[in-house]
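Welcome! Here is a friendly briefing for anyone meeting this structure for the first time. Please have a look at the sequence and the 3D view before reading on.

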Amino acid sequence: MTNKTFYIETFGCQMNAHDSEKVVGTLLERGYARMETPEAADFVLYNTCSIRDKAEQKVFNRLQQFKRAAGKGKVFGVIGCVAQQEGERIFDRAPHVSLVAGSASYTKLPEMLAQLEAGNRRVTGLSLDTEETFDTPFTRRDNPHRAYITIIEGCDKSCAYCVVPFTRGPERSRTGASVMEEARRLAGSGCTDVQLLGQNVNSYHDPSPAGWDFATLLARVGEIAGIRRVRFTTSHPRDFVKEIIDAIDANPVLANHVHLPVQSGSNRVLNAMQRLYTRSEYMRRIEWMKNASRPIAITTDIIVGFPGESEEDFQATLALIEEVEYDSLFAFKYSPRPNTAALEMADQVPEEEKTRRIMILLERQRAIQIRRNAATIGEVREVHVEGRNEALGQWIGRTTDNKTLNFTHCGPEGSGLTGTYLPVRITRAGPNSLVGESLN
Ligand code: 5AD
Ligand code: SF4
């Protein structure tokens, strides 16, 4: 590295996006300058995802592209979930890589950077044996209005399909006091919309004597002056308690949206997945939400084609989505992952069958969304303005239940509506977004 310049590309979930904000802050603090392209930077970092095989392949494609650039002073780093999963094997697959580090070692990033700067071309951070969380004062957030706040890292569950316990290590919660301090600081700087993050936020447990559980932390963050919306992701049905819904019910600042991944509607498959709940236990949580005093949007994740999933199991999943009537969902074809229990399971479902099932599922869900969104035409929702779509001449807004509501607004264009909250009347509805007019 002749110049302290870096480029970073991020794959994967919100946890990864937020980790990158912390990594970027740490690099800037060390005197590195951020570049917009990998070509312009001496230090190229990929923050990677290995949740499905496709996600994992992306980083190797990127590295392949730049193979010849190494040796001309360019240094490559692979961090995040693929780094943790593949470890030093990455040096064999892509010898021009110099840093391989998983998220559980980012607290040691300054030391690792010092080694790279000293010319070491095989630097690793792969220990999962940590009780630390990566909360750094240097986090670099680019959006002044919305922010992620990590409350818990790692995962102690062992879902049979999932790499996360292997890539992000054991569960570690931050203290309630440090979460509150960060949220207050953000509110003080004008940020109004925060999202509490963790692989399983519901198992949050404050390690300080205060001993707050997740519902308590959520309620406290919602009381901070200046904060207007609090979201959280992701939840695990097993640890999702009614107190969370009671907290949302009691304070409209807590956004009325819950993402509650179900994965399958079949008890047989849920059991094979080691999800630790039954369909009826899951449905009880849905009932709590449906009985709340304000409507709560519900979204989910579904995996089709888990080993052994029969047509009957798949039909049970279809019946479940009709029963819940999700506001939206993410569907995935099961992808075998290293180290996981499902990898060796019998009755792997053929790829074409997974494709057939996911198409049917998405088609059903699309019909649900068309129906439900159409029913909101004429209603008024408060949106948080996220920006402007110049091509359409519309502002981009988000409702508290996490829907995109694009709208027209009489008034000077580009006059900085971004970050404000406005009432908008819904005039049109599609499956994935709403269109409206501001009432001002
Ligand atoms: N194959 C397919 N989908 C997966 N997910 C997690 N692991 C796998 C896998 N091996 C999905 C789950 C999870 C979401 C983030 O990704 O639905 O909730
Ligand atoms: Fe991908 Fe999971 Fe890692 Fe997030 S935690 S980056 S989804 S593998």
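Strand S10 (residues 193-197) and S11 pair in the parallel sense over five bridges; two strands count as paired if DSSP finds at least two bridges between them. Helices (H or I, at least four residues) and strands (E, at least two) are DSSP runs, numbered from the N terminus. This is a predicted model, in which local features need pLDDT of at least 70 and side-chain atom pairs count only at pLDDT 80 or more, while totals for chains, interfaces and linings use all residues. Residues are numbered from 1 along each chain as its sequence is written, chains are lettered from A and ligands numbered from 1 in the order in which they are written, and side-chain values use heavy atoms, with hydrogens and water left out.

**The sheet with S10 and S11**

- Three strands form this open sheet, in the order S7-S10-S11, with parallel pairing.
- Its edge strands are S7 (146-150) and S11 (229-233), and each pairs on one side only.
- Neighbouring strands are turned by 25° against each other on average, direction ignored.
- Asp193 stands opposite Arg229 in S11.
- Helix H1 (residues 14-29) lies across S7, S10 and S11 and runs at about 95° to S7; axes are lines fitted to C-alpha atoms, for helices over the stretch in contact, and angles run from 0 to 180 degrees between N-to-C directions.
- Helix H7 (residues 176-188) lies across S7 and S10, running at about 170° to S7.

**A second open sheet**

- Here the order is S12-S13-S14, again three strands with parallel pairing.
- S12 (257-259) and S14 (328-333) are the edge strands, each pairing on one side only.
- From one strand to the next, the twist averages 15°.
- S13 (residues 297-304) runs parallel to S14, and six bridges join them.
- Val304 stands opposite Lys333 in S14.
- Helix H13 (residues 351-374) lies across S13 and S14, at about 175° to S14.

**Around ligand 2**

- Which residues surround ligand 2? They are Cys13, Asn16, Thr48, Cys49, Ser50, Ile51, Cys81, Val164, Arg168 and Gln199, where a residue is near a molecule if one of its heavy atoms lies within 4 Å of it.
- This shell divides into five nonpolar residues, four polar and one charged; Ala, Val, Leu, Ile, Met, Phe, Trp, Tyr, Cys and Pro count as nonpolar, Asp, Glu, Lys and Arg as charged, and the others, Gly among them, as polar.
- Domain 1 (5-125) and domain 2 (146-374) each give at least three residues to the shell.

**The chain and its domains**

- The chain has 13 helices and 19 strands.
- The domain assignment gives domain 1 (5-125), domain 2 (146-374) and domain 3 (380-438); such bounds come from an automatic or database domain assignment.
- The contact between domain 2 and domain 3 takes 16 residues from each of them, with contact meaning heavy atoms within 4.5 Å.
- The centres of domain 2 and domain 3, taken over C-alpha atoms, are separated by 26 Å.
- With 440 residues, a compact globule would have a radius of gyration near 22 Å, and the chain agrees with this at 23 Å; the radius is taken over C-alpha atoms, and the globule rule is 2.2 Å times the number of residues to the power 0.38.
- Along the principal axes, the C-alpha atoms fill a box of roughly 60 × 60 × 50 Å.

**Backbone details**

- A cis peptide bond, with omega of about 5°, joins Thr233 and Thr234; Thr234 lies in the loop between S11 and helix H9 (242-250).
- Leu276 has a positive phi of about 70° although it is not a glycine, and Leu276 is found in the loop between helix H10 (267-272) and helix H11 (279-290).
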